Amino acid sequence: MAAKRAENNPSSGGTGVTTPGLAAEQLVEAFRQMLFARNLSERGFILQRQGRMGTIAGAQGQEAAIVGSMMALERGRDWVVPQYRELAAMVYHGVPLVQIFQYFMGAPRASRFPAGTKVLPIQIALAAQLPHAVGLGWGLRHQGDDGVVLVYFGEGAASEGDAHEAMNLAGVRKAPVVFMLQNNGWAISTPLKLQTAAESLAARAEGYGIAGEQVDGNDVLAVHEATARAVARARAGEGATLIEAITYRMGPHNTADDPTRYVEPEAFEPWEGMDPIDRARERLGAEGLLEEGVEDELRTAIGEEIAAAAAAAERSAAAGPEGLFEEVYADPGVRLLRQRSELIEGNR
Amino acid sequence: MEVEFRLPDLGEGVAEAEIVEWHVAVGEELSADDPLVDVQTDKAIVSIPSPYTGKVVGLGAEEEEMVAVGAVLVTVETADAAVGAAPEAATEAVSPTQPPPASPSPSPAREGALASPAIRRLARERGIELESIAGSGPKGRIQESDLGTTPAADLPPGGPASARPSAAPLSGRTLPLRGSRRLVAEAMSEAWRTIPHITDLREVEVSNLLEARRLLKARLESRGEAEAAQALTVFALLATIVAGVVSRHPAVNATVDLQQRQITYHDRVDLNVAVSTPQGLLAPVVRAADTLSMSGIARELQRLGTAARDGTLAASDLTRGTVTASNYGSLGSPSGTTIIQPGQTAIVGFGRAVEKPVVRGGAIVVGSVMQVHCSGDHRAMDGLELQAFTAELAATVENPALLLAERD
């Protein structure tokens, strides 16, 4: 499926919403964040191949969808509910980078974020984060908080029952949620044509009574604009939005996947020249915002920052077996405590 | 200092990998993150980047060799001791950003042997003290193979261990399963696991077939077409008959996909023919066999047979067809069984024709009898369809004159 340019219809709700763009320095920052997201994916794959980290899903090809949306939220005010591919958004919204690596190295405490961090932990169970996001947004309104919740998922998760229940409830309760659907064409090895018979996933919004739009997910500005509109709507009490960002997964689903076994090389052809980082670079160049040598400096600094965080995570104490019993229950209960003591004391 | 890099678990529960290609050689310098080696696991071909900068002083395995997770892949001479992964070097605990919840008690140092519950149970059943065994796994973890090396004499007589002969060390030669042997093993295992076979075995009197071949061959020779005459083997006639009969029985020329819950009936008959070669069994394909003339099939079989034995088959000759015929009788056996290839729904096997008493016109005479053995995939067909196919095939082999009916 070829990428479709977004039909950007600025909200006409009469709520004084302005169509926001990215200022020059924000555009450079978006570019830097995209480079960061890609390097983080690449470093994750290297570490996994070297046996230093567990299974990880990369963001290659989806950087514009992730960065454009995360930057449309206000840090410290709005919430990010990730799936598992949006590590850059987690870091942008306050999760220490070292904890990202600790998580993939098996440290149970790595999902305990600093106080005030408005990010939920990584969700591996498909679509389970969507009802959480709706409950979170609905709850914020009960607390008189004007925060907005942005939840990431993919077109595969969109086929889960949880996705339907979450969007339906969000419509009924006018929950301040942005459903950020990254349609990357593949649910592991299931292609889009076997995922849905519909032309548009965004069209489902109408059935839930929420706003919906399709956006070119490889254009960081388009994603940012669409998300900013959705955030403004949610903040103004006008309810949820389903954004379908049309993008393409440039690499494997994750480190355990080998797409050469199911993707024909021709499937990539419509996406040649569509790398979101290349497109952002062209945009910056056209506007004279990227001076010679700046990208190399950014890449070097990002590479060092990420490598240092990975090394720090490796130096931190590995999880002991007792870690299995922590970070889940406030009150673990007698049976778990007994199992814990049996494990630690070596009884069987 | 020299550091060893061991094969990590590259998937989720991958136990071993095959070395596909080394990107470095002994004596070469390499930098951290440079491509080191490509390996194939049961899930994927994976390129492993080097964790170290330095000089390669040893490779742990050759290309095509299998390497277990945890075995040494490469040894590197590094410039300084600080380089590298050293994941065990736990020096500082990186800030848990909030105080951890109060633990009921600090965990005491773990004592005793490191082993999984399954291994502990095995050891209990065999009466083995785990503490008396040196584990060969990571950090001395005891693995099943460590239990197997315990002398049998130490086992309790008549205990459960005697019911587990696999626990004894294997005697004889153990070699890695490689190359075409491994490919055949994998394909046949998959077929045997996933395809419910039904079979129909018939004895066919083939005097008419042999006579037809003699006539056709003599005709070619009389025209001076010696090569074509030589190519016209009995199997060439059989393959021609198979291609024609298969094209009229869709169920035996199909692909079952249980995951998608669908059966694909193929428009064409691409006939795999089993050929025994010095490198092992190969099954090159005669494309669109149902559209070829008899002499076309004969020529193609001759070309494929020669190329298979010379090892010059093109990759396109070796792709999977839609149905398979095996001429195992050419190796001497009058009778045998066959296994359907994955992705197909039938295979036909022909035994060696032998002289036997047969009843003809109420009298017992000597005939040439060949066994025709058809196996079908029960997911794609029932006995009715398999019998209809086999019956038409057997009738045509017995009376090649029935081929005339195809033009009727």
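## Conventions

Two strands pair if DSSP finds at least two bridges between them. Helices (H or I, at least four residues) and strands (E, at least two) are DSSP runs, numbered from the N terminus.

This is a predicted model, in which local features need pLDDT of at least 70 and side-chain atom pairs count only at pLDDT 80 or more, while totals for chains, interfaces and linings use all residues. Residues are numbered from 1 along each chain as its sequence is written, and chains are lettered from A and ligands numbered from 1 in the order in which they are written.

## Strand 19 of chain B and its partners

Strand 18 (residues 354-360) of chain B pairs with strand 19 of chain B in the antiparallel sense, over seven bridges. Within this pair, Arg360(B) has Ala363(B) as its bridge partner. The two strands form a hairpin with two residues between them, and Gly361(B) in the turn has a positive phi of about 60°.

Strand 19 (residues 363-377) of chain B is also joined to strand 9 (residues 197-205) of chain B by nine bridges, and these strands run antiparallel. There, Asp200(B) stands opposite Cys374(B). A further antiparallel pairing, over five bridges, links strand 17 (residues 346-350) of chain B to strand 19 of chain B, with Ile347(B) opposite Ser375(B).

## Two four-stranded sheets in chain B

One open sheet of four strands in chain B has the order 1-8-6-3, with antiparallel pairing. Its edge strands are strand 1 (2-6) and strand 3 (29-30), each of which pairs on one side only. Strand 1 of chain B meets strand 8 (residues 72-77) of chain B through five bridges in the antiparallel sense, and Phe5(B) stands opposite Val74(B) in this pair.

Another open sheet of four strands in chain B has the order 5-4-2-7, again with antiparallel pairing. Strand 5 (45-49) and strand 7 (66-68) of chain B stand at its edges with a single partner strand each, so one side of each is left without a neighbour in the sheet. The twist averages 40° from one strand to the next; such angles run from 0 to 180 degrees between N-to-C directions, and axes are lines fitted to C-alpha atoms, for helices over the stretch in contact. Strand 4 (residues 35-40) of chain B runs antiparallel to strand 5 of chain B and is joined to strand 5 by five bridges, where Val39(B) has Val46(B) as its bridge partner.

Chain A contains 12 helices and seven strands. Of its 348 residues, 47% count as buried; a residue is buried if 20 or more other C-beta atoms lie within 10 Å of its own, exposed if 12 or fewer, and partly exposed in between, with C-beta atoms placed from the backbone.

Helix 4 (residues 97-104) of chain A is mostly covered, with eight of its eight residues buried. These buried residues pack against helix 1 (24-49), helix 3 (87-92) and helix 11 (294-315) of chain A; two residues are in contact if their C-beta atoms, placed from the backbone, lie within 7 Å. After helix 4 of chain A comes Gly106(A), with a positive phi near 95°.

Helix 2 (residues 63-70) and helix 9 (residues 220-235) of chain A pack at about 40°, with their axes 7 Å apart. They are therefore oblique to each other; angles under 35 degrees count as roughly parallel, over 145 as roughly antiparallel, 65 to 115 as roughly perpendicular and the rest as oblique. The contact includes Ala64(A) and Gly68(A) of helix 2 of chain A, and Val220(A) and His224(A) of helix 9 of chain A.

The axes of helix 1 and helix 10 (residues 276-286) of chain A come within 10 Å and cross at roughly 155°, and the two helices are therefore roughly antiparallel. Among the residues making this contact are Phe31(A) and Arg38(A) of helix 1 of chain A, together with Ile277(A) and Leu284(A) of helix 10 of chain A.

## Nonpolar cores

A nonpolar core is a set of buried Ala, Val, Leu, Ile, Met, Phe, Trp, Tyr and Cys residues joined through C-beta atoms within 7 Å. In the largest, which has 92 residues, Ala88(A), Val151(A) and Val177(A) touch the most other members. Helix 1 of chain A gives the most to this core, with 11 residues. A second, separate core of 53 residues includes Ala231(B), Leu238(B), Val348(B) and Val397(B).
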